[in-house]
Amino acid sequence: MRILAPLNHTAEIDPLIEAGADEFYAGYVSPLWLKRFTVLSSPNRRAFLAASFTDLAELTAAATLLKIRGKPLYLTLNRAFYSAAQYPLLLDEIRVFKELGVSGFIVADFELMLLIRESGLDVSLHLSSLAPVLNAHTAAFYERFGVKRITLPRSLTTEEINSITAANPSLSFDVFIGGGKCINVEGYCSFFHVNPDRSWPCVQDYAVMPQTRSTAAVLEAELLWQQCPRYLACGLCALGKLEKARVTGLKVVGRSARLENKLRLVRLVKKGLASLESTAAEDFCKTMLRLYETTYGRSCSPQLCYYPYEGFR
Amino acid sequence: MTEWAVFLNNLDSIAKLPDYDALYFGADYCPHLMPGLAEIIPAYEECQRLDRPFTLVTPLCFEVVRPRFESLLAEFVNLVQTAEVVVNDWGLFEYMQGLPQLTPVIGRLLTRAKRFGQALSLSETDKSHFATLPLAHPHISGWLKKLGVTRLEVDSGEGLDFRQIDETNLKLSVYLPYSVVSVTRYCSAAYDPECGWRNYRDCAKACRENVIYLANPELTRPLIVKGCARLLESGPGLDKELETNVDRLIFWPDAL
């Protein structure tokens, strides 16, 4: 399994490769895009500029360095939808990115996929988790649009992942392995991610107003999300099952995170993969929980675990 | 003439409802709330008796429940021969391509329009962008039409330019009075402090008895937490748009 790391500065490339990153993904918002549209309708899901490259010269430098290092770069164009006026610019920019040597595009919108295919652009399409593949038929549905690789949403169990990959042998699959855990099924959420301190509506502090029939347990469950440091989420204990499920990419979340956080997470996943080789299957989960505690100085929890249905304890 | 449908997932309340033109029966945001055939068939028969159209609503579909929903659709089509089915999952849509007796409607969770619960200051450019009715571009709606789709559905439609439906051969429905803003699999009503969530296969449906409101200065209205959905009450000012561009309104009386 390969580690797919987030990137938003060229200077991050070599340290992340040294830490264990095998592939990279990044966003780009061009000056022309910002002139004609806004960052709120950015070409990728992040509606703030810190998560994306904004200078074509720097993106070119990053793509060039990654080519030299032999590491693929994928570009996120994963808006759930675009307005009609945005498609011509998107297609123009995809042609430019292809010339730069970008290895593929992470997409979520049907029309963009159809337009890419019909315009004869020979580019590799990866499906974003913002086009949620919750079952085997949905993977087959998107393959019809030319998708070759799919990022599965965070809300699946390893058993479901195994069933989806087994039913779709011609596709390859990525899963999220660490970093921001989204409470919501990504493609079924319509919140904007715009808060300047990057606290999204799914985890902000709320005044909880119970209705008369509400129970204490429901309130407690809601409050746990509000207190959850979701950037410490992790799915390491499932690595063995993910490998058996033919998952090929382990996606680290956090394009706009600080480099030290990205490095910590990539190193953690790398150690997890190394342990997979050296640890007996029955001890693996316990080993990963210890590794997690050593790395973050805290225990895992159902809110932080990517696979809580399977008993994180 | 605008048609009024009511959207229910059990028959308990149907007798108490005021007059309605059509029945929507099923669930959209939670697979566990989907009624079984034993409930669907009496609902269908009630519509037959009253000579009212019946539409089956299907939810998003995790792999673990996919076989159950496939069986349900296959058995349903054997019993009813033809029917309209709202899909909220592209996998079930794909499966339904093998059941041409069923007419697919693209449900409100798949059309992916933005719901405006956050207190944002939108520029005119942003307003224009988010007025986009996704899937209604002539290019994509033509493709949907070829696959048998006749109708798109949206939540309240706040901020949307409904006139875009005129550029397609599709019809448009709007749900009232609540929008589904987000869906989680980590349902607060199914949370167990000892072991997290164990409800991915089956669920006790405690959400039916538990609704809470979340308030925050960044929101224009409180978020309503109902099981695995976060809902918003629809905003004002839709009347004129609804009258002129929408041919079906779907009232959701037991949302909360």
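T151(A) counts as buried, at 3% relative accessibility, where buried means under 20% relative accessible area, exposed over 50% and partly exposed in between, with a 1.4 Å probe and protein chains only. This is a predicted model, in which local features need pLDDT of at least 70 and side-chain atom pairs count only at pLDDT 80 or more, while totals for chains, interfaces and linings use all residues. Residues are numbered from 1 along each chain as its sequence is written, chains are lettered from A and ligands numbered from 1 in the order in which they are written, and side-chain values use heavy atoms, with hydrogens and water left out.

**The barrel of chain A**

- Eight strands of chain A form a closed barrel with parallel pairing, in the order β1-β2-β3-β4-β5-β6-β7-β9; strands (E, at least two residues) and helices (H or I, at least four) are DSSP runs numbered from the N terminus, and two strands pair if DSSP finds at least two bridges between them.
- From one strand to the next, the twist averages 30°.
- Strand β5 (residues 125–127) of chain A runs parallel to strand β6 (residues 147–151) of chain A and is joined to it by three bridges, and R149(A) in β6(A) is the bridge partner of H126(A).
- T151(A) also lies in strand β6 of chain A, and, leaving aside its neighbours within four places in sequence, T151(A) is in contact (heavy atoms within 4.5 Å) with L127(A), S128(A), S129(A), D174(A), F176(A) and K251(A).
- Helix α5 (residues 110–118) of chain A lies across β3 (73–77), β4 (104–107), β5 and β6 of chain A, and runs at about 165° to β5(A), the angle being taken from 0 to 180 degrees between N-to-C directions of axes fitted to C-alpha atoms, for helices over the stretch in contact.

**Helix α2 of chain B**

- The 15 residues of helix α2 (residues 66–80) of chain B should span 21 Å at 1.5 Å a residue, and the end C-alpha atoms are 21 Å apart, which agrees; the expected span is 1.5 Å times one less than the number of residues.
- R66(B), F69(B), E70(B), L72(B), L73(B), F76(B), V77(B) and V80(B) are buried in α2(B).
- Seen down the axis of α2(B), these buried residues fall within an arc of 160°, so they line one face of the helix, whereas N78(B) and L79(B), on the other side, are exposed.
- Q81(B), which follows α2(B), has a positive phi, near 70°.

**Cysteines**

- Over all chains the count of disulfides comes to zero, a disulfide being a pair of cysteine sulfur atoms within 2.5 Å.
- C237(A) is in no disulfide, and its nearest cysteine sulfur, that of C285(A), is 4.0 Å away.
- C237(A) is partly exposed, with a relative accessible area of 24%, whereas C47(B) is buried, with a relative accessible area of 1%.

Key
The arc is that of the directions from the helix axis to the C-beta atoms.
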